[in-house]
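Here's a quick briefing to read with the model open beside you. Take the topics in any order you like.

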Amino acid sequence: MVQNLQRLAAEWIVSLSLAGAWVALVLLQLARNAIAVRRKTQKPQASITRVEPPAAVRAAPLAERAEPATGVRMAAMAAAAEPSLSRGAIMSDNFDVVIIGGGPGGYNAAIRAGQLGMTAACVDKRGTFGGTCLNIGCIPSKALLYASELYDEAGGEKFAKLGIKAQVSLDLPAMMAHKTKVVGELTKGVEFLFKKNKVEGIIGEARIASPGQVVVKLPDGTTRTLNTKNIVIATGSDVMPLPGVTVDEERIVSSTGALSLKSVPKRLLVVGGGYIGLELGSVWRRLGSDVTVVEFLDRITPGLDGEISKQFQRLLQRQGMKFFLSTKVAGVEKKGDTLRVNVESTDGQKQVLEADVVLVSIGRRPYTDGTGLAEAGVKLDPRGRVVTDAHYKTNVPGIWAIGDCREGPMLAHKAEDEAVACIERMAGKAGHVNYDAIPAVVYTAPEVASVGKTEEELKAAGVVYKVGKFPFTANARAKTIAATEGFAKILADAKTDRILGAHIMGANAGEMIAEMALAIEFGAASEDVARTSHPHPTLSEAIRQAAMGVEGWTMQM
Ligand SMILES: Cc1cc2nc3c(=O)[nH]c(=O)nc-3n(C[C@H](O)[C@H](O)[C@H](O)COP(=O)(O)OP(=O)(O)OC[C@H]3O[C@@H](n4cnc5c(N)ncnc54)[C@H](O)[C@@H]3O)c2cc1C
């Protein structure tokens, strides 16, 4: 009995020890695994030595790597990017990509590169980032357009119609201060986004020394050489000069000067009936100028749908703008305080128009001066635009181009779209821009917005199409806000009903066009828009009614 008990106890102790040993072994293994996992996931310490991606990844330029930048590759790129956390202090001169130009093309390219784990630098010589758009284009012009519209409405018929009596007066320096503040905040915002995405923003003038090397002349006169696998040209555009007319940015101004006039000119003559001239002409007309537009072509806003363009001109005329179409400006003479503008119509009639300020706004041209493109062998087209393939590669390996400096509409969001697609291509992804779905907006009152094809383009291409239209006079919301000018127009393929173009003139057209850009991007039929619920009462219901009109069942007219 005792022996049995002793045997049982002994067996029990042995099993306990075995179980203990097993548990200990399991614990040991778990601990080992935990250490291994921690080692694997631990981020490399930021240090002065850059952690390079594995040789296999390093060997080929990013652009030529076939597979998508996922998995091991992304991890390698992320690892390479890590030390840039402290790059402000380190100032590494080696990058995956150096972007020349910090406008909507350049800064968005830099941000996307940072997001994808590339080491990126963005160089701009302006002194602040944001390019033409944020500094002297989209943003300051929209700030003045909004403020001047309110001023115009408050002092005009609209307020009276709505039962509001107001006495308004203009504080131009305060209006300009608002514009300057907004510009400052947004350009600072780009710097914040650079930091957030580990991009090094460099202020200086960049020149391509050779593919793979960019020399930057810094504000203090010294130079810095950046070595890079890829260079993106995003140098944008500049004002197109008018032969024989010298811009002084005081009385003969470009769009830049027109954004900062110190007083409201009594008479403003705008050379060019494109969207920039009409927007800035609208600003100063609302503030009190007598505005005359001289346009060489027989219509304003040449890229817009012809029907819209005609009605748009009529509305601007009703607001007090005067137009000389099919007329060119031959020269401007300064005579005392007056500018004498010599104009000549296409049928040979000459006359002199007088103005206090002349705004030269005949378009923009690509800007690539001093970037060393010619020396690097990068091809330009006869209009001075950088030639690229559909993936934004130039003829020189490792050099890419995006935005206003290449072909296509000179618009900030087009530059942004190309930036994303270009960088994604560089990272081996499938970035793509659908040029049929890029909207364009004229921020006058009413606004004019369009996306896709115009009737003229469809006719020229021999496409059979149907049209649906709806006027804002029949839209409930437009009536409530006393903004009934204009109409929405949708063009759809007659056979497939696929939407090919959309054109809106009316209040908030610029916001509403995004719905139609999305519709075109998704290959929607007009029926898809017609059967999509739109909130009531909204201006967007006019678009739905226009879409119904394509198949002839507009209900509210
Ligand atoms: C008055 C006005 C209003 C506009 N309104 C609108 C609008 O409402 N909506 C819209 O979509 N578009 C608008 N635009 C057009 C828009 O500004 C441009 O399409 C857009 O800025 C193009 O972006 P980008 O990056 O290609 O070039 P940019 O914005 O021109 O930026 C290029 C940058 O490159 C820099 N650079 C050039 N060479 C060098 C070099 N060698 N080294 C370093 N830096 C260099 C320049 O300093 C510049 O900052 C407007 C333009 C103007 C003038």
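(Buried takes 20 or more other C-beta atoms within 10 Å of a residue's own, exposed 12 or fewer, partly exposed is in between, and C-beta atoms are placed from the backbone.) Although Glu249 is not a glycine, its phi is positive, about 60 degrees.

Keep in mind that this is a predicted model: local features need pLDDT of at least 70, side-chain atom pairs count only at pLDDT 80 or more, and totals for chains, interfaces and linings use all residues. Residues are numbered from 1 along each chain as its sequence is written.

- Most residues other than glycine have a negative phi, and most peptide bonds are trans.
- Glu249 sits in the loop between strand 7 (237–239) and strand 8 (252–253). Helices here are DSSP runs of H or I with at least four residues, strands are runs of E with at least two, and both are numbered from the N terminus.
- Ser326 also isn't a glycine, and its phi is positive, near 45 degrees. Look for Ser326 in the loop between strand 11 (322–324) and strand 12 (327–335).
- Ser326 is partly exposed, because 13 other C-beta atoms lie within 10 Å.
- The peptide bond joining Ala445 and Pro446 is cis, with omega about 0 degrees. Pro446 is in the loop between strand 18 (440–442) and strand 19 (447–452).
- Another cis peptide bond joins His536 and Pro537, with omega about -5 degrees. Pro537 belongs to the loop between helix 18 (526–530) and helix 19 (541–550).

**Around the ligand**

- Which residues come nearest to the ligand? Of the 36 around it, they are Gly101, Gly103, Gly131, Gly236 and Gly403. A residue is near a molecule or strand if its C-beta atom, placed from the backbone, lies within 6 Å of it.
- Sorted by class, the shell holds 14 nonpolar, 17 polar and five charged residues. Ala, Val, Leu, Ile, Met, Phe, Trp, Tyr, Cys and Pro count as nonpolar, Asp, Glu, Lys and Arg as charged, and the others, Gly among them, as polar.
- Elements that each supply at least two shell residues include helix 5 (104–115), strand 2 (120–124), helix 6 (131–136) and helix 7 (138–155).

**Helix 7 and its packing partners**

- Two packed helices are described by the angle between their axes and the distance between the axes.
- Helix 7 and helix 11 (residues 275–286) have axes that come within 9 Å and cross at roughly 35 degrees. Axes are lines fitted to C-alpha atoms, for helices over the stretch in contact, and angles run from 0 to 180 degrees between N-to-C directions.
- On the helix 7 side, the contact with helix 11 includes Ser141, Leu144 and Leu145, and on the helix 11 side, Glu279, Leu280 and Arg286 are among the residues. Contact puts two C-beta atoms, placed from the backbone, within 7 Å.
- The contact of helix 7 with helix 11 has five nonpolar, three polar and four charged residues.
- Helix 7 also packs with helix 9 (residues 172–196), at an angle of about 145 degrees with the axes 9 Å apart. Residues in this contact include Ala143, Leu144 and Ala147 of helix 7 and Val182, Val183 and Leu186 of helix 9.
- The helix 7 and helix 9 contact has nine nonpolar, one polar and one charged residues.

- Strand 4 (205–210) and strand 5 (residues 213–217) run antiparallel and are joined by five bridges; strands pair if DSSP finds at least two bridges between them.
- Two residues separate strand 4 and strand 5 in a hairpin, where Gly212 in the turn has a positive phi of about 95 degrees.
- Strand 5 pairs antiparallel with strand 6 (residues 223–233) over five bridges, and Val214 has Leu226 as its bridge partner in strand 6.
- In a regular strand the side chains alternate between the two faces of the sheet.

- An open sheet of five strands runs in the order 18-19-22-21-20, with antiparallel pairing.
- Strand 18 and strand 20 (465–471) are the edges, each pairing on one side only.
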